[in-house]
Each structure stands twice: as C-alpha cells, then as structure tokens.
Amino acid sequence: MLIRPERPSDAGQVREVNTLAFGGPLEADLVDRLRDNCADALSLVAEQDGAVVGHILFTPVTITSGGRDVVGMGLAPMGVRPERQRQGIGSALVRHGLDLLRERRCPFVVVVGHPEYYPRFGFARASLHGIRSQWDGIAEDAWMVAIIDRQAMAGVSGMASYRDEFNGLT
Ligand SMILES: CC(C)(COP(=O)(O)OP(=O)(O)OC[C@H]1O[C@@H](n2cnc3c(N)ncnc32)[C@H](O)[C@@H]1OP(=O)(O)O)[C@@H](O)C(=O)NCCC(=O)NCCS
C-alpha cells in the first residue's frame with residue numbers, strides 16, 4: 001500500500017471512497033467543496049493495486065488565544081472503502097498525515113471521532129488542554145487534540161474554529 005498526496009485525477013475515486021465509507025454523499029460533497037476553496041488543505045490517499053482505497057483530509061483550524069491566532073489542522077473526514085476496513089489503512093493515513101504535519105511545524109491537530117481509535121495516534125481529550133469545540137452537542141470524549149508542538153501550544157486555549165464549509169455538517 002502506498003500513502004501519497006491526492007492528485008487532480010484522484011477526485012472521482014476519492015468521492016467514491018467517501019460516499020461508500022459514510023453511506024451517503026455529505027462528506028464527499030464537503031471534500032469537493034474544500035478541494036475547490038482551501039489551498040492549505042492536506043489531502044492524502046491510500047493506493048492499493050493502482051486504486052484509491054482510502055482518503056484523509058486535514059484543513060486549517062484556528063484557536064484564538066490571548067489575542068493571537070494559532071493555526072493548526074482538523075482531521076476530517078477520513079474514509080476507507082468498506083471492504084478494506086480494519087486492515088490498517090486508516091491508521092497508516094493518520095500516521096503519515098501527522099508525520100507530514102510535524103515536518104511542516106503544524107502546532108496541533110483536532111478531531112471529532114471515536115474515543116477508542118484516536119488516542120493510539122497521540123490524541124487526547126481536548127478539554128484537558130482547555131480547547132473547546134465550536135459545535136454544541138459533541139461528546140467530551142469524542143473531541144480530541146494531538147499536540148504536535150508543545151512549545152507553540154504552551155498556554156494556548158480557547159475555541160477551535162474549522163473552516164466555514166464544515167458548518168451544517170454536524
Ligand atoms: C474509521 C475508518 C477510517 C478506519 O479505517 P480502517 O482502515 O478501518 O482503520 P484501521 O484498520 O487502521 O484500524 C481499525 C481500528 O479502527 C477502530 N475503528 C474502526 N472503525 C471504528 C468504529 N466505527 N468505531 C470504533 N472504532 C473503530 C477499531 O479500533 C479498529 O481496530 P480493531 O480492528 O482492532 O477493532 C474506517 O473504518 C471508515 O472509513 N469508517 C467509516 C467512516 C468514518 O467513520 N470515518 C471516521 C470519521 S471522520
């Protein structure tokens with residue numbers, strides 16, 4: 001399996017992967033909108049036998065803390081073709097993405113997700129760091145952050161804001 005940046009020619013297969021993984025088009029539509037609007041996104045695919053079998057997207061998230069903006073990333077969405085799930089593809093996408101973001105000196109990554117899944121990659125409850133979600137109704141244990149640059153994140157707390165394209169999805 002190869003993890004690599006999404007290419008323009010992958011768009012159709014990425015759409016299919018997300019539609020199948022989530023059982024509908026909402027997340028695939030979101031990915032299409034962000035691809036058009038967000039130049040700072042990090043979009044990776046997992047390729048097996050020449051086909052896209054998984055996809056992960058990271059987009060900028062801003063925490064305004066003490067009057068200054070700290071920009072990290074939000075992990076969402078991520079999908080793996082149903083028949084290829086539970087074979088380590090999702091984990092490889094998360095790890096590869098976090099490695100790239102560490103190299104790019106991204107200070108943090110937030111995620112809304114399964115509390116049993118993400119801690120293995122270094123995510124912990126965001127509430128432990130005083131980082132709040134912009135959305136009501138997210139279970140506290142599902143709202144997580146991976147602190148990548150401890151120095152840059154020292155004393156940083158507040159609400160984390162995703163791009164506007166995410167509003168309406170939750
Ligand atoms: C979540 C997802 C991307 C994980 O990809 P994957 O390739 O199956 O993940 P991996 O094989 O690396 O890891 C499997 C582990 O993920 C966890 N996991 C996967 N789906 C889970 C779920 N729905 N609930 C809880 N844990 C889950 C399990 O702990 C599993 O470990 P196990 O096989 O030992 O039980 C994939 O299951 C998927 O596409 N799901 C549908 C879309 C989705 O919910 N995306 C995440 C929200 S953005």
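I searched the whole structure for aromatic pairs and found 6. I counted rings of Phe, Tyr and Trp (its six-membered ring) as paired if their centres lie within 6.5 Å; planes under 30 degrees apart are stacked, over 60 edge-to-face and the rest tilted.

I noted that this is a predicted model, in which local features need pLDDT of at least 70 and side-chain atom pairs count only at pLDDT 80 or more, while totals for chains, interfaces and linings use all residues. Residues are numbered from 1 along each chain as its sequence is written, and side-chain values use heavy atoms, with hydrogens and water left out.

**Entry 1: rings**

I looked at Tyr118 and Phe123, whose rings form an edge-to-face pair, 5.7 Å centre to centre with 80 degrees between the planes. Buried or exposed, I asked of Tyr118? Tyr118 is buried at 7% relative accessible area, and Phe123 is buried at 3%. For these labels I took buried as under 20% relative accessible area, exposed as over 50% and partly exposed as in between, with a 1.4 Å probe and protein chains only.

Next I took Trp135 and Tyr162: the ring centres are 4.9 Å apart and the planes stand at 40 degrees, so this pair is tilted. Trp135 is in the loop between strand S7 (131–133) and strand S8 (143–147), and Tyr162 is in the segment after strand S9 (158–161), so the pair links distant parts of the chain, 27 residues apart. Trp135 and Tyr162 are both buried. I took helices (H or I, at least four residues) and strands (E, at least two) as DSSP runs, numbered from the N terminus.

I also found a cluster, in which ring pairs link Tyr117, Tyr118, Phe121 and Phe123.

**Entry 2: salt bridges**

I counted 11 salt bridges in the structure. The criterion is a side-chain nitrogen of Lys or Arg within 4 Å of a carboxyl oxygen of Asp or Glu.

Asp10 and Arg4 meet through their side chains at 2.8 Å, N to O. Asp10 is buried at 3% relative accessible area, and Arg4 is buried at 8%.

Glu16 and Arg81 form a salt bridge at 3.0 Å, N to O. Glu16 is in helix H1 and Arg81 in the loop between S4 and H3, so this pair ties together parts 65 residues apart in sequence. Glu16 is partly exposed at 40%, whereas Arg81 is buried at 18%.

Glu140 pairs with Arg125, and the closest N and O atoms are 3.8 Å apart. Glu140 sits in the loop between S7 and S8 and Arg125 in strand S6 (residues 124–125), so the parts tied together are 15 residues apart in sequence. Glu140 is partly exposed at 47%, and Arg125 is partly exposed at 39%.

I wrote down one network of salt bridges as well: Glu6, Arg15, Asp29, Asp32 and Arg35.

**Entry 3: nonpolar cores**

A nonpolar core here is a set of buried Ala, Val, Leu, Ile, Met, Phe, Trp, Tyr and Cys residues joined through side-chain atoms within 4.5 Å. The largest has 27 residues, and those with the most contacts inside it are Leu75, Val94, Val109, Tyr118 and Phe123. Which elements give two or more residues to this core? They are S2, S3, S4, H3, S5 and S8. H3 supplies the largest share, 6 residues.

I then listed the contacts of Val94, with contact taken as heavy atoms within 4.5 Å. Apart from neighbours within four places in sequence, Val94 is in contact with Ile56, Leu75, Met78, Tyr118, Phe121 and Phe123. A second, separate core of 26 residues includes Val14, Leu30, Val45 and Ile63.

**Entry 4: helix H3**

I checked the span of H3 (residues 89–103). The expected span of a helix is 1.5 Å times one less than its number of residues. For the 15 residues of H3 that should be 21 Å, and the end C-alpha atoms are 21 Å apart, which agrees. The buried residues of H3 are Ile89, Gly90, Ser91, Leu93, Val94, Gly97, Leu98, Leu100 and Leu101. Their cover includes strand S1 (2–5), strand S2 (42–48), strand S3 (51–65), strand S4 (68–80) and strand S5 (108–112). Just after H3, Arg105 takes a positive phi of about 60 degrees.

**Entry 5: Gln13**

Gln13 lies in helix H1 (residues 11–22) and is partly exposed, at 30% relative accessible area. Not counting residues up to four places away in sequence, Gln13 touches Ala51 and Val52. Gln13 and Ala51 are 38 residues apart in sequence, and their C-alpha atoms are 7.9 Å apart in space.
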